[in-house]
Amino acid sequence: MAFRFEHAYAEGEARALRTAQLMVDAFGAGPFLVLADDNGKEPTRTKLAGRVQPEHSLKSEEWEQYGERVNRMAGAIKRQTGLRSVFHHHCAGFVEAPWEIEALLLHTDPSLVGLCFDTGHYCFGGGAEPGQLLRRFRDRVWHVHFKDCDAAVHGQSREHQWDYFESLKHAIFCELGQGAVPFPAVLAELAQTGYQGWLVVEQDILPGMGSPKEYARRNREYLRQCGLP
């Protein structure tokens, strides 16, 4: 949803509540509803994915409004369906860079809104040391996505000023262990902080980009090499 704009809120909340109720009807209580910005829709943020600077971020008053809308939606979802909500930071949206993730968490209610921490988007968005965020906000990390980010493609994206979708076409998100994300260190930090939630493996693959089945098999084998059962 476009949390930046009040005029988009009502439709976004209605859609989120429908989705949450479908999850409850199908699976029972379930873990979380994952909220996110309307990623890839705002032209400037889409163009600058992976190259965002502080001057491109929301201002203080905008963060207050943004956080209030996230809180409002998470509260409505909790009251009407019982589901908790996590927010997925994501490139090409307004919660991408490390300082934007921090701003979101500081402007949302820790009893209502957790973080869906995505290793690939954190790296693509300029995050160098995921352990620092995991330590600082250990109580807010309720859900984790494991995704890798190809350092060479990331460099090309910056050099050629690709937008988010062009970076996807060049396979910015690669197989686990083939990119810049330090997964053993992330796993060690999660263990240290007592994380007991899901680890969801993701690899964005567009049509014609290879063999998803083989990628999934190798990703699973890599996690076994990292010590996961």
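**Charged pairs, close up**

Guide: Let's start with Arg218, which is partly exposed at a relative accessible area of 33% (buried means under 20%, exposed over 50%, and partly exposed in between, using a 1.4 Å probe and protein chains only). This is a predicted model, where local features need pLDDT of at least 70 and side-chain atom pairs count only at pLDDT 80 or more, while totals for chains, interfaces and linings use all residues. Residues are numbered from 1 along each chain as its sequence is written, and side-chain values use heavy atoms, leaving out hydrogens and water.

The side chain of Arg218 forms a salt bridge with that of Glu214, 3.8 Å from N to O (a side-chain nitrogen of Lys or Arg within 4 Å of a carboxyl oxygen of Asp or Glu). Both belong to helix α10, four residues apart, or about one turn (helices are DSSP runs of H or I, at least four residues, and strands are runs of E, at least two, numbered from the N terminus). Glu214 is partly exposed too, at 30%.

Further along, Glu221 and Arg224 make a salt bridge, also 3.8 Å from N to O. These two are three residues apart in α10, so about one helical turn separates them. Glu221 is partly exposed at 35%, and Arg224 is partly exposed at 44%. Elsewhere, salt bridges with shared partners link Glu6, Glu68, Arg69 and Arg72 into one network.

Glu202 and Lys147 pair at 3.5 Å, N to O. They are 55 residues apart: Glu202 sits in the loop between β5 and α10, Lys147 in the loop between β4 and α7. Glu202 is partly exposed at 23%, whereas Lys147 is buried at 2%. In total, the count is 15 salt bridges.
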